[in-house]
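Here are my notes on this model, written so that you can follow along on screen. Take the points in order and keep the picture open beside you.

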Amino acid sequence: MTSHPYQPAGEPLWRHLIGEVLRRERLAQGRTLKDVAEAARISMPYLSELERGRKEASSEILAAAARALGLTLADLLALAHRELARPARVTSLTRPAAPVRQAGQTLLLAA
């Protein structure tokens, strides 16, 4: 995964988190890409790209994919948030705080 200049090192992209959740939920239900894509009324290749974190989907597409899996958009976002928060907790507990200078002050932030 290539880092973007605005993406902090080690910080996952939102599209990757959403894709992981979509795939995990689909597989947990024992459903195929074709089945979920048809239910969501999106193409199977596009759903595959979403699951692999290669496409940024609109909220309408995400809501359709979530509904096809029996989730609400809020459910999908909450599951993705949990994925985002989990590594942050582990990281903040295992890394020492790093000093950061801001407007003449030194702040301690978890690295």
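The points below go from the overall layout to the helix contacts, the core and a few single residues.

1. Before anything else: this is a predicted model, where local features need pLDDT of at least 70, side-chain atom pairs count only at pLDDT 80 or more, and totals for chains, interfaces and linings use all residues. Residues are numbered from 1 along each chain as its sequence is written, and side-chain values use heavy atoms, with hydrogens and water left out.

2. Start with the layout. You'll find five helices and two strands in the protein, in the order α-α-α-α-α-β-β from the N terminus. Here helices (H or I, at least four residues) and strands (E, at least two) are DSSP runs, numbered from the N terminus. Of the 111 residues, 30% count as buried, where buried means under 20% relative accessible area, exposed over 50% and partly exposed in between (1.4 Å probe, protein chains only).

3. Now look at helix 2 (residues 33-40) and helix 4 (residues 59-68): their axes come within 8 Å and cross at roughly 120 degrees. Axes are lines fitted to C-alpha atoms, for helices over the stretch in contact, and angles run from 0 to 180 degrees between N-to-C directions. The two helices are therefore oblique to each other; angles under 35 degrees count as roughly parallel, over 145 as roughly antiparallel, 65 to 115 as roughly perpendicular and the rest as oblique.

4. Who touches whom there? Val36, Ala39 and Ala40 of helix 2 meet Ala64, Ala65 and Ala68 of helix 4, with contact meaning heavy atoms within 4.5 Å. By class, that contact has six nonpolar, no polar and no charged residues. For the classes, Ala, Val, Leu, Ile, Met, Phe, Trp, Tyr, Cys and Pro count as nonpolar, Asp, Glu, Lys and Arg as charged, and the others, Gly among them, as polar.

5. Helix 2 has another partner, helix 3 (residues 44-51): the axes come within 9 Å and cross at roughly 105 degrees. That makes helix 2 roughly perpendicular to helix 3. Leu33, Lys34, Val36 and Ala37 in helix 2 meet Met44, Leu47, Ser48 and Glu51 in helix 3, a contact with five nonpolar, one polar and two charged residues.

6. Which residues have the most contacts inside the largest nonpolar core? They are Ile18, Leu22, Ile42, Leu47 and Leu76, in a core of 20 residues. Such a core is a set of buried Ala, Val, Leu, Ile, Met, Phe, Trp, Tyr and Cys residues joined through side-chain atoms within 4.5 Å. Helix 4 gives the largest share, five residues. Ile42 touches Ala37, Leu47, Leu50 and Ile61, leaving out residues up to four places away in sequence.

7. Stay with helix 4 for a moment: Leu62, Ala63, Ala64, Ala65, Ala66 and Ala68 are buried there. Just after this helix, Gly70 takes a positive phi of about 80 degrees. Gln29, in the loop between helix 1 and helix 2, is 41 residues from Gly70 in sequence and 9.9 Å from Gly70 in space, C-alpha to C-alpha.

8. Last, find Leu84 in helix 5. Buried or partly exposed? Leu84 counts as partly exposed because its relative accessibility is 25%. Leaving aside neighbours within four places in sequence, Leu84 is in contact with Glu11, Pro12 and Leu17.
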